[in-house]
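Please read the report below alongside the sequence and the 3D view.

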Amino acid sequence: MPDMPHAELLHQSIQPQLDRSLEALKTILNYPKNEDAQFREYSVGQMRVCAVYIEGMVDEERIAEFVLHALKGHEEMHTPPEKCVEWLDDHMIEIAQTKRITENTEAVPAILSGMTCLLVDGAEEALLLETRNYPHRSVEQPTTEAVVGGPHEGFNEHFRTNISLVRRYVQSPELITQKMTVGTRIPTQIAILYLNGVANEKCVQEVKRRLMCIHAAKVGGIGQLQQHLEDRPFALLPQMLETERPDRAASCLEDGQIVLICENSPYALIAPVTIFHLIHASDDSFMRWQYGTTLRVIRMVGILVSLLLPALYIAVTHYHTHLIPMSLLTSIAESRTNVPFPILVEVLFMEFSFYLLNEAGMRTPKQIGSAFGIIGALVLGQAAVSASVISPILIIIIALTGLGSYAIPNFGFGVGLMLYRLLLVLLSALLGIYGVILGTFLIIAHLCSMKSFGVDYLSPVAPHRAHNPDILVRLPVWMQKRLLFFASPDSWMRQRKEKAK
């Protein structure tokens, strides 16, 4: 494996000779080829000082006000050179967040992230100053988890802002934030958030272990991070929850789950999760329990329709026509009289057309997206029926299937369900209704075998665990008294009656 560029210089200590330290940093940062790297040298009495930073990543006014102007006001100093950094940190620099370092391996990542490194001639350490101020998107409404009730703010790509949003919802001294970096070549900062004494300590340690075991050159965001951490990478359904809502992340923290926030990603990862976390919507808890329960039932019916309807249509019309009323069977037969393709080919053609329209609609500019959807749904569908390529009833089947898939609140879960649906379609074409039953059994058995950081994927249903009345039916909020079963057994969030049990 090739070494990192300038690996020897990176592992050097800060040199007491300022020129040698600057030469090493200029080589590492490819100066002057890299014009963003800035080296601002000036003298304070008999002391030479240099501020190193990346243009566009720092607040230059802050550097001028709290560093340059402050130093110029204290030009007569009699502090020994080796004590200058300590003296500057304690008496002159008026920036709240500072850190003294002795290695280039600490200085370079900090400079690249937007901090300023202050080097002093004669000192064997440098001073890092918190001056980050780079452009980022403001806090906006979530786009994929829109709600009718509840907060209307979502994460953005700014690492510190995302952590602050979660802390605003969970104002507890027990909320722990621990930062790590992943990526052996280009580091990416990760924040691990959990409630101390509520999250299971074994699960916290397992998350840290998996993060430390990532040996990829670069982790390019939440999606890639999830692939490195999940238990079953070849499973079709996600084993961690992605959310762009800080209120949902805060709710999961209170239940004993762990939140991962990744630099430059407008999502947070939550672990461990069960399949029910992927089915529940963010605003279920903000509605009265009757409304939330009704919408959950509708959502579950939509999921079952999306998964089973095309397979059942093939099985019944091809193998089990005796299960269809004669009038409906006659109508189906008449609609398919001029269709030249078998039912399986017809269904696969319509499924592919639906996926193609859906994908094209997602990538189409917003200005023409609505017009594209109308053209795809009406013109293409009507033309296919008129040309006797597909039967009219199949358009109804695929439309109901599509509506059911749109009712799924988690995008990854919806894509996984689509792949399961194709499997059931093929099994129904081979074995009829028995293929649908066999496929459904295999899917449920597979889900029962899955875990998310040691938590059974179908729990608390299979295996059964004591839980709140909040799985499919959601009862009133004053009945939700039990902390989730995977939280710490002696958590301070548990109520007295629950502890006694």
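## Buried salt bridges

Arg296 and Asp470 are both buried, where buried means under 20% relative accessible area, exposed means over 50%, and partly exposed lies in between (1.4 Å probe, protein chains only). The two residues form a salt bridge in which the closest N and O atoms are 2.6 Å apart; a salt bridge is a side-chain nitrogen of Lys or Arg within 4 Å of a carboxyl oxygen of Asp or Glu. This pair links distant parts of the chain, 174 residues apart: Arg296 sits in helix 11 (residues 289–318), and Asp470 in the loop between strand 12 (455–456) and helix 18 (496–500). Helices (H or I, at least four residues) and strands (E, at least two) are DSSP runs, numbered from the N terminus.

This is a predicted model, in which local features need pLDDT of at least 70 and side-chain atom pairs count only at pLDDT 80 or more, while totals for chains, interfaces and linings use all residues. Residues are numbered from 1 along each chain as its sequence is written, and side-chain values use heavy atoms, with hydrogens and water left out.

## Other salt bridges

The structure holds 20 salt bridges. Another of them joins Arg421 to Glu351, with the closest N and O atoms 3.2 Å apart. Arg421 belongs to helix 16 and Glu351 to helix 13 (residues 343–363), so the pair links distant parts of the chain, 70 residues apart. Both Arg421 and Glu351 are buried.

Asp456 forms a salt bridge with Arg465, and here the closest N and O atoms are 3.5 Å apart. Asp456 is buried, with a relative accessible area of 12%, whereas Arg465 is partly exposed at 33%. Salt bridges that share partners also join Asp284, Arg296, Arg299, Asp470 and Arg474 into one network.

Five strands form an open sheet in the order 6-7-9-10-8, with antiparallel pairing. Two strands pair if DSSP finds at least two bridges between them. Strand 6 (175–182) and strand 8 (241–243) stand at the edges with a single partner strand each, so one side of each has no neighbour in the sheet. Neighbouring strands of the sheet are turned by 25 degrees against each other on average, direction ignored. Axes are lines fitted to C-alpha atoms, for helices over the stretch in contact, and angles run from 0 to 180 degrees between N-to-C directions.

Strand 8 runs antiparallel to strand 10 (residues 268–271), and three bridges join them. Glu242 has Leu269 in strand 10 as its bridge partner.

## Helices and residues around the sheet

Helix 8 (residues 222–229) lies across strand 7 (188–195), strand 8, strand 9 (258–262) and strand 10, at about 135 degrees to strand 9. Helix 9 (residues 246–254) lies across strands 6, 7, 8, 9 and 10, and runs at about 50 degrees to strand 7. Arg248 is placed in helix 9 and is buried at 13% relative accessibility. Contact means heavy atoms within 4.5 Å; not counting residues up to four places away in sequence, Arg248 touches Glu145, Leu241, Thr243, Ile270, His277, His280 and Ser282.

The loop between strand 9 and strand 10 contains Ser265, which is buried at 6% relative accessibility. Leaving aside neighbours within four places in sequence, the contacts of Ser265 are Asn156, Glu157, Asn162, Gly221 and Ile222. Asn264 lies in the loop between strand 9 and strand 10 and is exposed at 56%. Phi of Asn264 is near 70 degrees, a positive value in a residue other than glycine.

## A nonpolar surface patch

Leu430, Leu431, Tyr434, Ile437, Leu438, Phe441 and Leu442 make a nonpolar surface patch of about 780 Å². Patches are made of residues with over 30% relative accessible area and no salt bridge: like charges are joined within 9 Å, nonpolar side chains (Val, Leu, Ile, Met, Phe, Trp, Tyr) within 5 Å. Accessible areas come from the Shrake-Rupley method with a 1.4 Å probe; for residues, only the protein chains shown count as cover.

Helix 16 (411–431) and helix 17 (433–449) are the elements that give two or more residues to the nonpolar patch. Helix 17 gives the most, with five residues. Leu431 is in helix 16 and is partly exposed, with a relative accessible area of 44%.

## Cis peptide bonds

A cis peptide bond joins Ala271 and Pro272, with omega about -10 degrees. Pro272 is in the loop between strand 10 and helix 10 (275–279). The peptide bond from Ala462 to Pro463 is cis as well, with omega near 0 degrees, and Pro463 lies in the loop between strand 12 and helix 18.
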